[in-house]
Amino acid sequence: MQNSAGAKFRKSLEEENPLQVIGAVNAYTAMMAERVGYKALYLAGAGVANASYGLPDLGITNLTDVLTDLRRVTDATDLPVLVDVDTGFGGAFTISRLVRGLIKDGAGAMHMEDQVQLKRCGHRPGKEIVSKEEMVDRIKAAADAKTDPNFFIVARTDALAIEGLDGAIDRACAYVEAGADMIFAEACTELSQYKAFVDAIDTPYPVLANITEFSKTPNFTLDELRSVGVSAALYPLSATRAMNAAALKVFRHIREHGGAKGVLDIMQDREELYDFLNYHEYEAKIDDLFRANK
């Protein structure tokens with residue numbers, strides 16, 4: 001399956017180091033990201049919960065919710081998508097169903113974490129993790145269910161904050177042995193921690209760094225991440241946070257001032273919207289069809 005989404009994701013890792021994986025909360029933002037030049041997209045669990053359902057990222061959304069948003073994105077872009085599947089939404093058979101659904105709906109990769117089912121944000125206190133053995137079973141179930149051999153499995157570990165660096169690395173090595181292609185080392189606070197993961201993990205693309213804003217992880221640059229061997233840099237909700245702030249500013253301004261005149265400068269204008277949507281091509285197609293019927 002040389003042209004599969006999984007193969008595309010692997011190719012993107014070869015072409016860009018570290019690979020920038022940018023969060024796209026819906027189809028339109030995915031289209032903009034592709035036009036700008038990104039080689040891979042990310043569908044965040046928090047994005048699905050917050051933007052599509054108005055819920056916190058606490059394991060409330062489910063498999064169907066994620067696949068629905070995935071299909072909207074993959075229908076709009078050819079870029080491979082890394083999908084956040086939380087803890088897998090259930091046991092081995094549910095994870096198998098999930099992996100088959102992701103591949104069928106166009107995902108190139110997934111990441112699954114070792115938190116308990118009632119999960120929390122990776123940068124919040126009070127996290128709990130399952131045993132190493134239980135997470136290994138989750139990874140084995142996912143690897144066994146692949147209908148595309150190129151589908152890329154990322155194992156996220158939240159163990160750093162709970163078991164320390166040595167414990168997290170021990171888990172990471174076990175997850176790779178179980179079938180994970182890459183480790184998502186959550187909530188690292190120092191570059192040296194990423195370096196320790198990279199040195200311990202025997203895969204072509206060992207570590208993904210989650211460069212999420214307002215978190216325990218500093219906003220490391222690509223050069224800094226490259227210097228310690230990180231293979232992919234994830235920006236899960238950067239655009240979404242900006243969109244939310246802009247929307248709130250516009251809502252408040254229109255409410256307070258009775259119009260949008262003072263916030264037009266932060267809006268995307270009509271022509272740029274039409275350009276990204278290929279609006280004029282659609283319009284020309286309608287005109288051609290109508291002329292053909294006259």
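This is a predicted model: local features need pLDDT of at least 70, side-chain atom pairs count only at pLDDT 80 or more; totals for chains, interfaces and linings use all residues.
Local features need pLDDT of at least 70, side-chain atom pairs count only at pLDDT 80 or more, and totals for chains, interfaces and linings use all residues. Residues are numbered from 1 along each chain as its sequence is written, and side-chain values use heavy atoms, with hydrogens and water left out.

Rings of Phe, Tyr and Trp (its six-membered ring) pair if their centres lie within 6.5 Å; planes under 30 degrees apart count as stacked, over 60 as edge-to-face and the rest as tilted. One of the pairs joins Y28 and F276. Their ring centres are 6.3 Å apart and their planes stand at 85°, so this pair is edge-to-face. Y28 belongs to helix α2 (residues 27–36) and F276 to helix α11 (residues 270–277), so the pair ties together parts 248 residues apart in sequence. Helices (H or I, at least four residues) and strands (E, at least two) are DSSP runs, numbered from the N terminus. F276 is buried, with a relative accessible area of 11%. Buried means under 20% relative accessible area, exposed over 50%, and partly exposed in between (1.4 Å probe, protein chains only).

Y194 and F220 also form an edge-to-face pair, at 6.2 Å centre to centre and 80° between the planes. Y194 lies in helix α8 (residues 191–200). F220 lies in the loop between β7 (207–210) and α9 (222–227). The pair therefore links parts that are 26 residues apart in sequence. Y194 is buried at 0% relative accessibility, and F220 is buried at 11%.

The charged end of R156 sits over the ring of F184, 5.4 Å from its centre. The criterion is NZ of Lys or CZ of Arg within 6 Å of the ring centre and within 35 degrees of the ring normal.

Helices α3 (residues 45–53) and α4 (residues 63–74) pack at an angle of about 80°, with their axes 10 Å apart. Axes are lines fitted to C-alpha atoms, for helices over the stretch in contact, and angles run from 0 to 180 degrees between N-to-C directions. V48, S52 and Y53 in α3 meet D65, V66 and D69 in α4.

A187 is placed in the loop between β6 (182–185) and α8. At 7% relative accessibility, A187 is buried. Beyond its neighbours within four places in sequence, A187 contacts G122, H123, L160, K216 and T217. Contact means heavy atoms within 4.5 Å.
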